[in-house]
Number of protein chains: 2
Amino acid sequence: MSLLVTGSIGIDSVITPHGEATEVLGGSAVYFGFAAAAFTPVRLVGVVGEDFPDQFRDLLASDRIDLAGLETRSGSKTFRWTGKYSPDMNDRETLDVQLNVLGEAGPKVPAAFADSKVVFLANTHPALQRELLAQLDGGCLSVCDTMDLWIETEADELRRTLRAVDGVIINDGEARQLTGKGNLVEAGEAVLDMGPRFVVIKKGEHGAMLLTADSVTTIPAFPTKNVKDPTGAGDSFAGGMLGYLDQCGQSNTASLRRALVRGTVAASFTIEDFSLNRIREVAADDAEARVEQFTQMLRID
Amino acid sequence: MSLLVTGSIGIDSVITPHGEATEVLGGSAVYFGFAAAAFTPVRLVGVVGEDFPDQFRDLLASDRIDLAGLETRSGSKTFRWTGKYSPDMNDRETLDVQLNVLGEAGPKVPAAFADSKVVFLANTHPALQRELLAQLDGGCLSVCDTMDLWIETEADELRRTLRAVDGVIINDGEARQLTGKGNLVEAGEAVLDMGPRFVVIKKGEHGAMLLTADSVTTIPAFPTKNVKDPTGAGDSFAGGMLGYLDQCGQSNTASLRRALVRGTVAASFTIEDFSLNRIREVAADDAEARVEQFTQMLRID
């Protein structure tokens, strides 16, 4: 059991119809890490600046999250993002983004992490994703995310990364943009043709779809009235999925389907409060109780 | 086993990214009827004009659909609708609508149909929906649809109808408009507060949600690449649901959940071809095979 995540660690400010949070802990690797930690220990790899607040470091400190790969770079500043959600929270506007240390050299994977068995390459430049992967021993289960910017500007690099990974977890808009297919089953199949063995398409409040060579599984989101802040839902989804896959030590279709449910459940916790406030309190028992509730809802005999 | 549907019977012209169909059989009661007929015999109540083509009458003629309630009104013309779908088929524009006979007096329920046990009041003026319901013996399971026009212009009449029925099947936009709630679980609960014992919110390609006093069930749509024409999907959904409820003779939460799946499956057949071309060929075995495929997809142990 050894799950590694590389991605952003940032300082977020966010406004939703339910309130706002200013200068709170965020970033893809952080949301992923706390979501995965309900299922398996996590190795976090990323870079922050010397301005990274001590209280955020305290928040990250957990016996489930190994911070040996967290670099604090002198003379650099931490990634910052400010965003505002639409009234229905299905869209958001980036009001300000400061790449800071994320615009510099990428992080190094500690030698002690090279034997990781499951690896998530959160969204970053696709060439950097492959560099990070190259620092690991072969044979791990590798999964990546990406974003519209790289689909548009780094298509060739992204294709190389897609040939190098086992799986990809992207949202519906990215899947359509990447493939030119409007129908999501067609889009997912087109992504499979690019190399990965499995594809997960996240649809936000509408759930998620998993495609493998021989299966298509669509599930809804966990139905809830309690949505305060959607930030980090997608990374938490990936964290729940891969945390479970690392825990169970398999990645066949049946395991991927079970992982899809864990991702859905992890995201449903994250959106219940701002920042990491809810997801970092989720214990294994909480997650399993909601998994049971969700799978029972979907079991219609 | 006696399911009655009242609604439109029309002549449609439709353009989708996959082609077009000109002057084909359509209408809510027709889509509902063919979808329900895979599960139970159907009593159809509606009015057409004297221009209603003989070949459409032949298409409707089926030993599963009783046309004793189909009135052909002299001097009147049949309802006509022309629409065009967006490239992703999630939106459509009405290019032309001619109410014709639907703007005149409503249909009469034949005395022999008064003992119907399950009744679907497809979208029409909410006062007319209650008039139709009043022509039936008490004790039936009554379910209605509605539309944005009545929510906006006949709010009081619609509230009366919602107090008179057991269930309502509407789409997500209508649920939000009717309740002022953006979150669909909240919207569904607000509809329940208006009177019905159960509410189904249709979300098109994103599936459907069922709410009762003590349960919330969300399921996805049947995942498919094969979508030619979404016209009639919502009415087919209602037909599959109520056809199953009439067949099983119950409407407890477990039955409603099973009915939700049958509705989903019925809609998935309808959209595979233009007009009634696909759904009217669906036999009970075809429907059950797809129900099995869909429930297996959702069974994640």
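Q: Where in chain A is the place of Asn100(A)?
A: This is a predicted model, in which local features need pLDDT of at least 70, side-chain atom pairs count only at pLDDT 80 or more, and totals for chains, interfaces and linings use all residues. Residues are numbered from 1 along each chain as its sequence is written, while chains are lettered from A and ligands numbered from 1 in the order in which they are written. Strands are DSSP runs of E with at least two residues, and helices are runs of H or I with at least four, each numbered from the N terminus. On that basis, Asn100(A) lies in the loop between strand S7 (92-98) and strand S8 (118-121) of chain A.

Q: Is Glu23(B) buried, partly exposed or exposed?
A: A residue is buried if 20 or more other C-beta atoms, placed from the backbone, lie within 10 Å of its own, exposed if 12 or fewer, and partly exposed in between. Glu23(B), which sits in strand S3 (residues 19-26) of chain B, has 13 other C-beta atoms within 10 Å, and is therefore partly exposed.

Q: In which order do the four strands of the open sheet in chain B run?
A: Two strands pair if DSSP finds at least two bridges between them. The edge strands, each pairing on one side only, are S3 and strand S7 (92-98) of chain B, and the pairing in the sheet is mixed. The order is S3-S2-S6-S7.

Q: Which residue in S6(B) is the bridge partner of Val14(B)?
A: Strand S2 (residues 10-16) and strand S6 (residues 79-85) of chain B pair in the parallel sense over six bridges. In S6(B), the partner of Val14(B) is Gly83(B).
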